Amino acid sequence: MTRWMIAIALTATALCATAQSVEAEVRKVDKAQGKVTLKHGEIKKLDMPAMTMVFKVRDPKMLDGLNVGDKIKIDADKLDGQYTVTALSKGG
Ligand SMILES: [Cu+2]
C-alpha cells in the first residue's frame, strides 16, 4: 500500500514538472481577446527569461475565474507565431 502511494506521488510530480512548470502571476485578463498578461518565470522550452508579457490562451474558457494577482502555473508554447498558454492551473 505504502509503495503504491509513493509510486502515485512520484508520477504526479513528474507530470507537474513536464506540464505546468512555469510559475506566473496574473497582471491583466482580456477575455474578449482571449489574452492574458502574465509576469512569468523562466520558460526554458521557449528560451525565454522571466518577464511580464501578453499571451494568447488556447481556449478563452481558461480565463474563467482568473483574477489579477492570482498566482498560477502555466505551460506555454509558440502556436501560429504567437506565444500561447496551453495549460494553466491555479494554486500550484
Ligand atoms: Cu515572456
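L79 stands opposite Q82 in β5. Helices and strands here are DSSP runs, H or I over at least four residues for helices and E over at least two for strands, numbered from the N terminus. This is a predicted model, in which local features need pLDDT of at least 70 and side-chain atom pairs count only at pLDDT 80 or more, while totals for chains, interfaces and linings use all residues. Residues are numbered from 1 along each chain as its sequence is written.

The strands β4 and β5 form a hairpin with 2 residues between them. They run antiparallel and are joined by 8 bridges; two strands are said to pair if DSSP finds at least two bridges between them. Within this pairing, I72 stands opposite K90 in β5.

D80 lies in the loop between β4 and β5, and its phi is near 50°, a positive value in a residue other than glycine. Most residues other than glycine have a negative phi. D80 is exposed, because 6 other C-beta atoms lie within 10 Å. For burial, C-beta atoms are placed from the backbone, and a residue is buried if 20 or more other C-beta atoms lie within 10 Å of its own, exposed if 12 or fewer, and partly exposed in between.

## Chain layout and barrel

The protein chain has 1 helix and 5 strands, which follow the pattern α-β-β-β-β-β along the sequence. Of its 92 residues, 15% are buried. Two residues are in contact if their C-beta atoms, placed from the backbone, lie within 7 Å. Among contacts between residues at least 6 apart in sequence, 47% join residues at least 24 apart.

The 5 strands close into a barrel in the order β1-β2-β3-β5-β4, with mixed pairing. Neighbouring strands of this sheet are turned by 55° against each other on average, direction ignored. Axes for such angles are lines fitted to C-alpha atoms, for helices over the stretch in contact, and angles run from 0 to 180 degrees between N-to-C directions.

## Other strand pairings

Strands of a sheet pair through backbone hydrogen bonds, either parallel or antiparallel. The pairing of β2 with β3 is antiparallel and covers 6 bridges; T37 stands opposite V54 in β3. Between β3 and β5 the sense is parallel, over 2 bridges, and K56 has T84 in β5 as its bridge partner. The pairing of β1 with β4 is antiparallel over 4 bridges, with V22 opposite I74 in β4.

The loop between β2 and β3 contains D47. Phi of D47 is near 55°, a positive value in a residue other than glycine. D47 is exposed, since 7 other C-beta atoms lie within 10 Å.

## Nonpolar core

A nonpolar core is a set of buried Ala, Val, Leu, Ile, Met, Phe, Trp, Tyr and Cys residues joined through C-beta atoms within 7 Å. The largest such core has 12 residues in all: V22, A24, V36, L38, F55, V57, L63, I72, I74, A76, V85 and L88. At least two residues of this core come from each of β1 (22-30), β2 (35-40), β3 (51-57), β4 (71-79) and β5 (82-90). The largest share, 3 residues, is supplied by β4. In soluble globular proteins, nonpolar side chains tend to be buried together.

V22 lies in strand β1 and is buried, because 22 other C-beta atoms lie within 10 Å. Leaving aside neighbours within four places in sequence, V22 is in contact with H40, G41, I43, K73, I74, D75 and A76. The C-alpha atoms of V22 and K44 are separated by 9.0 Å, with the two residues 22 apart along the chain. With neighbours within four places in sequence again left aside, A24 is in contact with L38, K39, H40, G41, I72 and I74.

V26 also lies in strand β1. V26 counts as partly exposed, because it has 19 C-beta neighbours inside 10 Å. Not counting residues up to four places away in sequence, V26 touches V36, L38, L66, N67, V68, G69, D70 and I72. One of these contacts, V68, is 42 residues from V26 along the chain, and their C-alpha atoms are separated by 4.9 Å.
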